[in-house]
Amino acid sequence: MSGLLEVSGISVTFDGFRAINNLSFSIGAAELRAVIGPNGAGKTTFMDIVTGKTRPDEGRVLWGERSIDLLRLDEAQIARAGVGRKFQRPTVFEDQTVAENLMMALKAHRSPWRVLLWKPAAADHARVEALAVQVGLGDSLSRKSGELSHGQKQWLEIGMLLAQEPRLLLVDEPAAGMTLAEREQTTTLLVELAKTHAVVVVEHDMDFVRRLNCKVTVLHEGSVLAEGSLDHVTANQQVIEVYLGR
Amino acid sequence: MRRLLLALAASLALSAPLCAQDAPSEPSPVAAEAPASGLAAVIAEHKADIAKPSRQSIAPVIAALGKAGPGAPDFLEAWADKALGSRKSDGAIFRVKKAGAGYALFDPVTGADAGEAPRAEISEIKPNAGVRGLIAAALIRFQLSDPDIAKRQAALTALSRDGGPQHLEPLAAAIADEPDPAIRAQKERMLGLLTIRFGTDPAARVAAIEGFGADLGLDFRAALNPLLATKRQAFNAAPEGNVAAELRPGKPGFSAEEAYDLLVAEGRAPARLTRADLRAALEAHIENGAVAGIPLADLDTPARRDAAYTALEGAGAVPAAATDDEVAQSVAAHRYADIYAEPDAAVTAAAASALKSVSLKVDAMHGADLALDALSLASIYFLAAIGLAVTFGVMRVINMAHGEFITMGAYTGYVVQQHISDYTISILVALPLAFAVTFAAGVAMERLVIRHLLRRPLETLLATFGISIALQQLFKNIFGTQARPLTAPEWLDGAWVLNDIVGISYIRIAIFVLALVFLGLFLFVMNRTRLGLEVRAVTQNPSMAASMGINPDRINMLTFGLGSGIAGIAGVAIGLFAKVTSELGADYIVQSFMTVVVGGVGNIWGTLAGAALVGGLQKGIEALNPSNTLAAQTYMILFIIVFIQFRPRGIIALKGRAAGD
Amino acid sequence: MTQGFLSRNPSVLIFLLALSIFTLVVTVLSNAYGLDLVSTSMVKTLGKTLCLCLIALAMDLVWGYMGILSLGHFAFFGLGGYMVGMWLMYARTRDIVLSSAAGLPMTPQELNDAIATQIFGVVGTSEMPAVWAFAGSLPAQLALVLIVPGLLALVFGWLAFRARVTGVYLSILTQAMTLALALYLFQNDSGLRGNNGLSGLQNIPGLAWAGQDRLSVWFLWASALALGLGYLAATFIVSGKFGSVMRAIRDDEARVRFLGYPVEGYKLFVFTLTALIAAIAGALYYPQAGIINPAEIAPIASIYLAVWVAIGGRGRLWGAVLGAAFVSLVSTWFTGGRAPDLNLGFYIVKWVDWWQVLLGLSFVLVTLFAPKGLSGLVDLLTGLRPPSRRGAPLGPNEGALQEREAQE
């Protein structure tokens with residue numbers, strides 16, 4: 001099967017510390033995948049590489065049907081190619097309203113001239129409103145996002161991710177700081193999304209991962225330790241040793 | 001070298017008519033065995049010539065006198081000093097001295113009293129300048145062999161000022177017996193130089209030139225350069241003389257216009273009509289608002305003016321001017337060459353090749369001199385920037401008032417000198433005091449302003465700029481706008497001179513040493529003390545350092561004080577050679593910024609590399625265009641802007657996650 | 001959407017109204033068109049102040065909205081002035097040369113040489129430098145007012161932003177740029193008369209009949225018009241999604257990249273655009289000032305620009321205008337020697353000497369205690385309060401707004 005994203009043999013070193021070591025990874029166009037691993041296993045660095053924030057020392061990252069080399073693109077180009085990312089800590093533009101945040105994320109032309117002359121059409125306003133409702137911020141459209149609670153910011157960021165309409169969603173610890181009900185909602189959302197998108201979820205919370213009910217990749221010391229269903233990997237002796245700590 | 005010079009002296013002697021027979025066999029012309037009566041006899045023999053010397057005929061007489069034994073130098077000196085007279089009755093020569101109405105007479109050889117004579121009896125001997133020159137040349141022989149070393153030295157100095165062809169032979173003769181090796185070497189060198197300039201045998205001159213090798217002395221180059229002087233000449237046929245280079249009109253370096261100008265200057269072609277002459281000629285013939293029938297208003301293009309002039313020419317009103325065709329024809333009809341003034345091709349070839357190897361070596365030496373200059377500038381930038389780099393590295397704060405701290409240090413030095421008059425002591429007091437003053441100022445600024453703008457580097461930059469303009473004006477109000485003196489102790493005056501090209505002033509050496517001391521001190525503090533450890537911890541990860549029990553506020557304060565204190569010391573150092581004004585620091589601040597930016601933060605070696613690069617670059621560009629230091633700075637900044645492209649975080653950058661990517 | 005534009009930005013109407021009233025009042029009080037209560041030199045000062053307000057507007061766009069603390073915008077201002085000054089000086093010298101010509105009419109070459117001798121005699125040359133090739137043509141020189149600074153900003157910005165130089169590094173680099181330009185212009189062989197600069201710019205060729213009285217008012221009108229248009233354009237830029245992206249870049253440019261926006265492109269766009277605004281301001285300023293020399297471009301001028309914007313309150317267009325007008329006018333008053341001395345009993349404070357100290361210290365105080373500057377006073381009056389976020393800035397960037405600068 002030809003995946004949407006093919007990562008093969010990447011390695012990266014920070015000051016002698018090998019954060020990613022000959023890592024290979026692949027995901028299909030409509031697939032949900034959970035990436036787990038202990039602290040320092042390289043989960044965030046892996047996402048940094050895919051989104052262009054960090055350059056690997058070696059290896060290849062190929063994207064899409066035409067196998068575009070993502071390593072040749074910068075962050076913005078990768079994002080425009082269809083890779084969306086939600087950060088571990090919610091990062092929204094706090095001085096701007098929820099509506100402005102969403103409007104900025106809305107899929108549209110990104111070049112300065114087009115943006116300068118761009119006027120939101122009624123459809124765009126409707127889309128922003130719909131997204132806000134979807135993430136539970138329907139009545140907060142005109143509030144500054146800096147005033148939102150931590151959980152609300154998480155939701156706003158998920159809304160922005162959706163607004164971008166990416167083909168691959170990289171979601172870093174989506175459940176952190178959410179109530180139980182919100183987690184439930186997030187799970188549903190991610191599973192729903194995975195029917196048409198590729199979704200990679202990095203998570204610590206095993207219960208959350210179990211609820212996602214998908215293929216799991218276990219990272220350890222920068223490379224893949226095991227891959228398969230959650231039950232399969234948790235049965236793996238090595239995984240138990242390094243991750244579950246038993 | 002010596003053997004060569006002897007051979008040279010020999011060949012010289014062979015060629016020199018003056019001493020053709022005796023120089024090789026009789027190296028010492030003042031040999032003691034000459035008979036005591038010799039001089040008197042020689043004087044008697046030539047008394048007529050001595051009394052009425054003429055430039056053309058006197059040479060053999062002087063030569064004979066010179067060889068006549070003891071007393072000759074004194075006699076010659078007296079002759080040249082116009083202290084001789086001849087008795088009209090018998091033509092006998094005496095030393096004379098005016099005494100009363102007549103002369104007191106002395107024996108010309110022994111100086112013994114020879115009675116008196118009335119004025120009418122004696123005619124004073126007054127040799128003309130040409131003869132005196134010949135006598136002086138003959139005298140040089142004696143001075144060069146004088147037992148008094150000071151006299152020999154003086155004679156050599158005189159020769160180096162205005163040596164001539166007549167000195168060649170006596171100088172060559174005076175080498176063999178020279179007891180003092182230093183003087184001997186000087187004599188040999190002088191002989192070589194004189195041979196190059198005045199020798200008559202081309203082979204000897206070539207040998208002399210080659211004997212110097214790639215000597216760096218200015219005197220050697222001064223001897224060579226006139227040999228290579230050229231004159232540009234035009235010829236009807238093939239160029240004659242010692243041709244340096246034949247020139248073709250229209251080629252780079254020699255335009256057809258220059259060729260024609262040369263022909264005009266040599267009188268081979270008539271002058272062309274200049275635009276100003278044309279205009280004047282036309283204006284002189286304005287009649288009824290027109291020239292030669294062409295209305296004035298139309299005469300605003302070169303073509304119309306030429307037409308008017310041609311019309312005037314036709315009417316015979318103005319002289320004919322060379323047309324373009326004629327110019328081209330005359331230019332084509334001649335050949336052009338640069339001709340050496342020196343006729344001998346072998347000599348000029350040797351001189352050119354010697355000058356070339358000398359200039360190669362001179363270039364190398366200039367390079368060395370430049371490197372020293374760059375090193376000293378780099379140490380100044382290092383001193384000025386190190387404080388800035390420390391504060392930037394630890395606190396990510398750019399202190400725009402850093403330059404004013406440098407100024408503050410310089411003014412501290414000035415104030416100290418007002419109270420302590422001994423310059424050495426005052427500098428020794430000023431250095432620690434400047435450190436203390438600026439340390440205090442830095443700590444105060446950190447506590448009052450910078451601490452409250454934590455993690456707001458741009459606001460800090462602007463706030464410190466506010467302090468900077470306030471301080472600068474304050475300095476102006478206190479010390480006035482004129483430059484204040486900060487005088488270096490005497491032992492720092494002067495320069496360490498390696499040869500005619502390489503030299504460096506002691507002040508700059510002192511600053512270099514100061515920079516080294518601070519580098520060492522800094523490395524010690526950073527790597528061997530608790531404070532250094534804590535500073536490094538805060539640099540790399542402030543929040544982690546704080547959680548390990550390090551008080552970042554204290555570290556920040558101390559670092560800032562330290563950085564400012566070093567600025568104060570740099571101020572004293574800079575003040576020693578620059579004018580101390582309120583703008584002293586501001587002149588260095590941008591270069592200091594550049595040093596930090598280029599070097600990268602958080603590492604003293606980066607600052608060092610940055611200072612070396614910025615200083616070296618500035619000096620290097622200045623050397624390419626020495627007349628224009630402003631341009632050098634412009635290009636240096638442009639280079640740095642481009643440099644940032646390739647190393648956005650400086651030469652030595654923090655790597656990995658700590659860099660905050 | 002035009003009516004929407006104004007209704008969404010009510011401050012535009014207020015600003016334009018205030019500007020019009022100001023211009024009208026000055027005109028009525030001027031020597032040429034009214035009551036002669038305001039001297040011609042005062043009219044010029046006010047006209048120049050309007051130009052400074054315009055460049056402050058540009059600075060606010062690039063710093064207040066985009067987070068790039070440029071310490072080099074006066075380079076563009078000065079270049080704009082130089083470009084227009086070249087035509088003014090050339091054309092005026094041509095008039096003088098032609099009027100003093102006698103005898104034969106001049107050939108173009110003679111005319112050119114005579115002008116060059118007149119202009120460049122002070123720097124010891126009589127050759128017309130190549131950069132003056134278009135000086136004889138007003139339209140060409142006016143085009144160069146935009147082309148030269150625009151190209152400089154484009155090339156410099158491209159180099160700097162491409163290398164992702166940010167924060168204080170970028171500030172220092174912009175400062176180096178303006179210093180390099182100033183040093184270059186200080187040379188006699190730069191072709192722009194070295195430290196003599198260009199002078200006599202207040203005499204507009206062909207308009208000598210109007211006299212300085214009327215010219216000064218005309219330039220005031222032109223400056224006010226430019227400021228009004230600049231304010232409109234700036235408001236248009238910052239009010240839409242573009243402005244949203246700008247502010248996002250200011251607060252967290254990495255995040256903007258992950259949204260797919262080419263951050264470097266935006267920075268380059270705004271940097272160049274503001275350079276053009278600055279150049280226009282300079283082109284209007286120097287004919288009123290009458291003289292331009294390289295000292296005008298020295299880094300300190302650009303830092304003062306940042307000071308004006310900071311004192312006015314960055315991140316608001318009218319704040320920048322207010323700051324520039326206030327500080328430059330007060331500065332003129334204090335340094336002009338008209339401010340009364342302050343007698344402390346033991347010391348008499350002469351403001352000519354102490355104004356800079358006062359300015360520097362008050363600037364430190366503003367940065368420390370009132371980051372919103374003068375516009376904070378307006379907020380106080382209108383009851384706007386900053387959000388309470390326990391001191392955290394609004395984003396991780398060095399140029400991000402502080403909590404105290406934002407509005408609830």
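How many of the 27 residues of H10(C) are buried? The count is 22, so H10(C) is mostly covered. This is a predicted model.

**Helix H10 of chain C**
- H10 covers residues 263-289 of chain C.
- Its 27 residues should span 39 Å at 1.5 Å a residue.
- The end C-alpha atoms of H10(C) lie 38 Å apart, which agrees with that expectation.
- Gly290(C) follows H10(C) and has a positive phi, near 90 degrees.

**Nonpolar patch on chain B**
- Ile425(B), Val429(B), Leu433(B) and Val437(B) make up a nonpolar surface patch.
- Together they have about 280 Å² of accessible area.
- Ile425(B) belongs to helix H18 (residues 423-448) of chain B.
- Its relative accessible area is 43%, so Ile425(B) is partly exposed.
- In an α-helix, residues three or four places apart point the same way, because there are 3.6 residues a turn.

**Thr97 of chain A**
- Thr97(A) sits in the loop between strand S6 (83-86) and helix H3 (98-105) of chain A.
- Its relative accessibility is 16%. Buried means under 20%, so Thr97(A) counts as buried.
- Beyond its neighbours within four places in sequence, Thr97(A) is in contact with Leu141(A), Ser142(A), Arg143(A), Lys144(A) and Ser145(A).

Key. Residues numbered from 1 in each chain as written. Chains lettered and ligands numbered in written order. Predicted model: local features only at pLDDT ≥ 70, side-chain atom pairs only at ≥ 80, totals over all residues. Heavy atoms only, no water. Helix = DSSP H or I, 4+ residues; strand = E, 2+ residues; numbered from the N terminus. Expected span 1.5 Å × (residues − 1). Buried < 20%, exposed > 50% of the residue type's maximum accessible area, 1.4 Å probe, protein only. Patch = residues over 30% accessible without salt bridge, like charges linked within 9 Å, V, L, I, M, F, W, Y side chains within 5 Å. Areas by Shrake-Rupley, 256 points an atom, 1.4 Å probe, with all protein chains shown as cover. Salt bridge = Lys/Arg side-chain N within 4 Å of Asp/Glu carboxyl O. Contact = heavy atoms within 4.5 Å.
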